[in-house]
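Open the model in your viewer and keep the selection panel at hand.

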Amino acid sequence: MSQKQLVDAPDDGGDTITSLNDNGFLIPNFPDGPGIEGVRSVRIRDDDVIICAFPKSGTHWVWEITRELLTGEITHDDVTMSQTFMEMVPEETYADLSCPRILNSHLLMKHLPDDVLNKKIKVITVLRNPKDVAVSYYNFLKMIPVAKYKGEFKNFLRPLFQGKFMYESWMDYVLDWELVKRTNPDQPVLTLFYEDIKQDQMREMRKICTFLGVERSDDFLSKVLDNTSLASMRTLKKRAESELVLEKVGGVGDWKNWFTVAQNEWFDQLYQEKMADCPLRFQYSL
Ligand code: A3P
């Protein structure tokens, strides 16, 4: 039987963040969300591409880059990332989009439809260093009404990495996708890092083109580069959406303005304990 319940999880100062416990996994309480069972039953098409990322890792950015590279069109059509956000909107919202669709989710592989694995659907996972994710997530949760959060950053970090809030633990998320890749070596998964894209977007876009099996000229890639800069994305015609997600200035290393020395030492220790066997290396500054 399906079980859903609203949960108010306190930070270390007693301020709470509201999530939906959807059969044992915390997600945002999206008003029109299909729930995890609804996501599991989505009909996957053979040429779907899915962008998977922990929140605040650059999902919107990579979604837009991928859309332009895959379609070969710079112009913004009416499809937005929100329209294909699997746990936020009902399947009808994107069921009739012309192929190929670029879906996106912050869920784990086990929450996605079985056909993602059965049909060997292309998955692009986006990773960002966890310190900048934490700062970005804190500011985001304070901004979005569904979370109802008013807390201070000093009280946020510990429960965040204990997995008390929506989408739970960043570390479990990253380790889970690494396990998926190891146990399904023939699943096409491209792992991108936010910091790498910041550092050399042309190089990373060429990787995406190779992965998607499309050929795009350097001239076209330069246009995508211009069109997916922060400044350009702020003026997308989907303004309401972009304003919400681009409130802060995206970057690498902003965490240094937020973490205390003690928090940083605490986090590094936790990272060593939990991620000791993880081969991924994150960049905390450029
Ligand atoms: P900050 O909050 O650090 O500014 P997501 O799309 O997964 O929610 O990630 C949001 C983060 O990506 C935000 O980080 C946002 O500024 C950043 N971002 C979005 N578009 C970007 C772009 N075109 N270039 C660089 N960063 C971008």
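How close do the axes of α2 and α9 come, and at what angle do they cross? Select both helices. The axes come within 10 Å and cross at roughly 60°. An angle of 65 to 115 degrees would count as roughly perpendicular, so α2 is oblique to α9. The crossing is right-handed. This is a predicted model.

Now show side chains at this contact. From α2, pick W61, I65, T66, L69 and L70. From α9, pick Q201, M205, I208, C209 and L212.

**Next stop: α9 and α10**

On the α9 side, the contact is made by Q201, M202, M205, R206 and C209. On the α10 side, select D218, L221, S222, V224 and L225.

**Next stop: aromatic pairs**

Colour the Phe, Tyr and Trp rings. With ring centres within 6.5 Å as the rule, the count comes to 21 aromatic pairs. Two of these deserve a stop.

Start with F54 and Y173. Their rings are edge-to-face, 5.7 Å centre to centre, with 65° between the planes. Trace the chain between them: F54 is in the loop between β4 (49-53) and α2 (59-71), while Y173 is in helix α7, residues 170-183. The two are 119 residues apart, and the pair links distant parts of the chain.

Move to W61 and Y194. This pair is also edge-to-face: 5.2 Å centre to centre, 65° between the planes. W61 lies in α2 and Y194 in helix α8 (residues 194-199), so the pair ties together parts that are 133 residues apart in sequence. Both W61 and Y194 are buried.

**Last stop: charges over rings**

What sits over the ring of Y194? The charged end of R128 does, 4.1 Å from the ring centre.

Finish with K56 and F140. K56 lies over the face of F140, 3.6 Å from the ring centre.

Technical notes. Residues numbered from 1 in each chain as written. Predicted model: local features only at pLDDT ≥ 70, side-chain atom pairs only at ≥ 80, totals over all residues. Heavy atoms only, no water. Phe/Tyr/Trp six-rings, centres within 6.5 Å; stacked < 30°, edge-to-face > 60°. Helix = DSSP H or I, 4+ residues; strand = E, 2+ residues; numbered from the N terminus. Buried < 20%, exposed > 50% of the residue type's maximum accessible area, 1.4 Å probe, protein only. Lys NZ or Arg CZ within 6 Å of the ring centre and 35° of its normal. Contact = heavy atoms within 4.5 Å. Axes fitted to C-alpha atoms, helices over the stretch in contact; angles between N-to-C directions. Parallel < 35°, antiparallel > 145°, perpendicular 65-115°, else oblique. Left-handed = near helix turned anticlockwise from the far one by under 90°.
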